[in-house]
Amino acid sequence: MTSAPAHIQDLGAYVAASPSSFHAVREGGRRLAAAGFRELAEQDAWEGGAGRYFVVRDGALIAWTVPTGAGPTTGFHILGAHTDSPSFKLKPRPTTGKYGWLQAGVEVYGGPLLNSWLDRELALAGRLTLRDGSEHLVATGPLLRFPQLAIHLDRAVNDGLSLDKQRHMNPVWGLGDPADADLLGLLADSAGIDPREVGGFDVVVADTQEPRVFGAQGEFFASGRLDNLSSVHAGLTAIIAAASDERADGPIAVLAAFDHEEVGSGSRSGASGPFLEDLLLRISLCLGAGTEERLRALASSFCVSADAGHAVHPNYAERHDPANLPVLNGGPLLKINANQRYTTDAPGAAFWAELCRASGVPYQEFVSNNVMPCGSTIGPLTATRLGIRTVDVGTPLLSMHSARELCGVDDPGHLATATATFFRGGR
């Protein structure tokens, strides 16, 4: 695997190229194709067999490598992650405004920290679908801003900022009369498309500030969308590294990067949908598996659900469990929850511990304070849908769901190294 500085710089490049889930998938596919992976179309017949492959479904991507000695009962080692991040999504009829301002009508996507999006130069990014069904990715440069009210007009703002999602979260993007402007047309023009041909769009707001290493000894990394592109990038790095081994045996390595996790995963490209299950079935069928062999393969499979988690916050330590206080650069998190918001159990914890030992990387446990609600991941969804033993892990962050999150420079590379060992069948 690459060094920590090289890995973190490449993570920054990946995030910068991925302002939306659709861009994250395109950039992932580009990297996979450059590494010899072959893109397959779901509507085509698959011959399968040994090799490197990937499939794209909307804002989701699944890549896999089949060893030369794989057979109908060969198990899968799956890393699950997600490509989407909390943000804002363009509404229908997005061109709004008043008092001489042009504004954009946006809907809150997931659970962003609203205040972190104020007073930033923001872009629009996503896909435009034409009436003929063709899709085109689009990304602007700095275009929008959520301007904060001056303290002179709200003297109590530092005692508590309250933002109304409908009234206050309408970014400005120009000056003029909304009747004479067309935000969607601007997007279409930037992609070289006739605005009259646009039949639909999935476009989100993205921060434009470049990722940055900083700190007294360069120990911190700040970027948008680390939740959860840090895990997607770790999976891409690991599966490309593992594929270079040209293994004769071992598991079928699978990277499953889903969309829509931040809004519940209930879509055709989300973890609650059939994408992964259908793909695993097709891989098994290509290897000659019947129902019996397929179930045996799943019984010997393992899934690592990788999603960002919380490092201890020095100013809010009381919000964390007092005995489990993960730090930046202390290694990936092993995420545990008694109520199965995370899927980690005793066998999964032992598996992860041995995997990290074999990989030469540290890890640390995370569990929520009992009075703090615990979030969830795709882990429980995957375990429930497929019956595969699953463990939840992730990169520790501060400022999760902020427009600009913070991690340590070592932890993303540690996750990638452990994942590469996992994909090779080691533990």
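Modeller: Happy to. Helices (H or I, at least four residues) and strands (E, at least two) are DSSP runs, numbered from the N terminus.

Colleague: Before we go on, what should I keep in mind about the source and numbering?

Modeller: This is a predicted model, where local features need pLDDT of at least 70 and side-chain atom pairs count only at pLDDT 80 or more, while totals for chains, interfaces and linings use all residues. Residues are numbered from 1 along each chain as its sequence is written, and side-chain values use heavy atoms, with hydrogens and water left out.

Colleague: Thanks! Which residues of α5 are buried?

Modeller: F275, L276, L279, L280, I283 and S284. Buried means under 20% relative accessible area, exposed over 50%, and partly exposed in between (1.4 Å probe, protein chains only).

Colleague: And why are they on the same side of α5?

Modeller: Because they cover an arc of only 160° around the axis, the arc being that of the directions from the helix axis to the C-beta atoms. In general, an α-helix has 3.6 residues a turn, so residues three or four places apart point the same way.

Colleague: What covers the buried residues of α5?

Modeller: The cover includes β2 (51–57), β3 (60–66), β4 (76–82), β13 (252–258), α6 (291–299) and α8 (378–386). Contact here means heavy atoms within 4.5 Å.

Colleague: On to the holes. How many cavities of 30 Å³ or more are there?

Modeller: Four. The largest has a volume of about 70 Å³, and its lining includes W64, V66, I283 and C286. On a 1 Å grid over the protein atoms alone, a cavity is a set of points where a 1.4 Å probe fits but cannot get out, and a pocket is an open set with protein on both sides within 12 Å along at least five of seven lines; lining residues have an atom within 4 Å of a point. Grid points are joined across faces, edges and corners, and a volume is the space filled by probe spheres set on the points.

Colleague: What about the largest pocket, what is its volume?

Modeller: About 1,000 Å³. It is lined by 42 residues, with H310, P373, G375, M400 and H401 nearest its centre. α8 gives the most to that lining, with three residues.
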